[in-house]
Amino acid sequence: MSNKSSKKPFIVQDKYFQEAKKLGYRARSAFKLIEIQDHFNLIKPNYNVLDIASAPGSFIQIIKKIVWLEAKVVWIDLQKIEKFPQSNIFLLQEDVNNTDKIMEFLNWIWIKQFDLITSDIAPNTTGITWVDQYKSVELNLMIVKLADTFLKKWHNLVLKVFVWEDINDLTSVLKTKYKKISRFKPKSCRDRSFEEYFVCLEKIWN
Ligand SMILES: C[S@@+](CC[C@H](N)C(=O)[O-])C[C@H]1O[C@@H](n2cnc3c(N)ncnc32)[C@H](O)[C@@H]1O
């Protein structure tokens, strides 16, 4: 196998993949957010939503079905994403660690804080579980910092986390900032995957 082909991302072609294709979703992740929404009802029509790590954009496809055109949806990802035609969807191709650039962009579109922040962030995986898990914890700690600034008090944050031994480094921080942390594994996550969603309810300070 050539180097080029061995670098292609591994895509699971299961029933969710097929269904996503059929329904025109950009990724099977759409079903994860649908399950989270069915369970927690976090997205509301009048909410300004920040979606972190959005490429290729299936979370945004679900969010934009629920929010009104008057509400703003902002996405951030390292990668390019195919634009959506709606004028209330704002795209920022950036690293989540670059807080200054994010701040500058949000000032430019006149948003100080969001009603909901969702994140589906996944590090580039090495295949070494504890390394991938810790990279996921570090990225999520960065997102929690962003939410300290950009999420409204009493509002909710959704994180995707690779769960392993060091998870307390993240949960101990979350418990000081949110009233309740609900761990949720959508059925559409692969059984053998160690990813879970942490639904952090009611940010308790600003
Ligand atoms: C599982 S994919 C997200 C799928 C997306 N939620 C959807 O529904 O289409 C994970 C994303 O995390 C992004 N990502 C990883 N590290 C990042 C970083 N430091 N800053 C911004 N995005 C990052 C990747 O570029 C990738 O697009």
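"Buried" here means under 20% relative accessible area, and "exposed" means over 50%. Keep that in mind for the close-ups below, which come from a predicted model.

**View 1. Helix α5 has a buried side and an exposed side.** Look along α5, residues 99-108, and you'll find Ile-102, Phe-105 and Leu-106 buried. These three sit on the same side of α5 because they cover an arc of only 95° around the axis.

**View 2. The buried residues of α5 have several packing partners.** They pack against strands β2, β3 and β4, plus helix α6 (129-150).

**View 3. Seven strands make an open, mixed sheet.** Reading across, the order is β3-β2-β1-β4-β5-β7-β6. The edges belong to β3 (89-93) and β6 (178-184), each pairing on one side only. From one strand to the next, the twist averages 15°.

**View 4. Zooming in on the β2 and β3 pair.** Strand β2 covers residues 73-77 and runs parallel to β3, with five bridges between the two. Here Asp-77 of this view stands opposite Gln-93 in β3.

**View 5. Helices α4 and α7 lie against the sheet.** Residues 58-66 form α4, which lies across β1 (49-52), β2, β3, β4 (114-119) and β7 (195-203). Its direction is at about 165° to β1. Helix α7 (168-177) packs on the sheet too, touching β5 (151-162), β6 and β7. The direction of α7 makes about 135° with that of β6.

Key: Residues are numbered from 1 along each chain as its sequence is written. This is a predicted model: local features need pLDDT of at least 70, side-chain atom pairs count only at pLDDT 80 or more; totals for chains, interfaces and linings use all residues. Side-chain values use heavy atoms; hydrogens and water are left out. Two strands pair if DSSP finds at least two bridges between them. Helices (H or I, at least four residues) and strands (E, at least two) are DSSP runs, numbered from the N terminus. Axes are lines fitted to C-alpha atoms, for helices over the stretch in contact, and angles run from 0 to 180 degrees between N-to-C directions. Contact means heavy atoms within 4.5 Å. Buried means under 20% relative accessible area, exposed over 50%, partly exposed in between (1.4 Å probe, protein chains only). The arc is that of the directions from the helix axis to the C-beta atoms.
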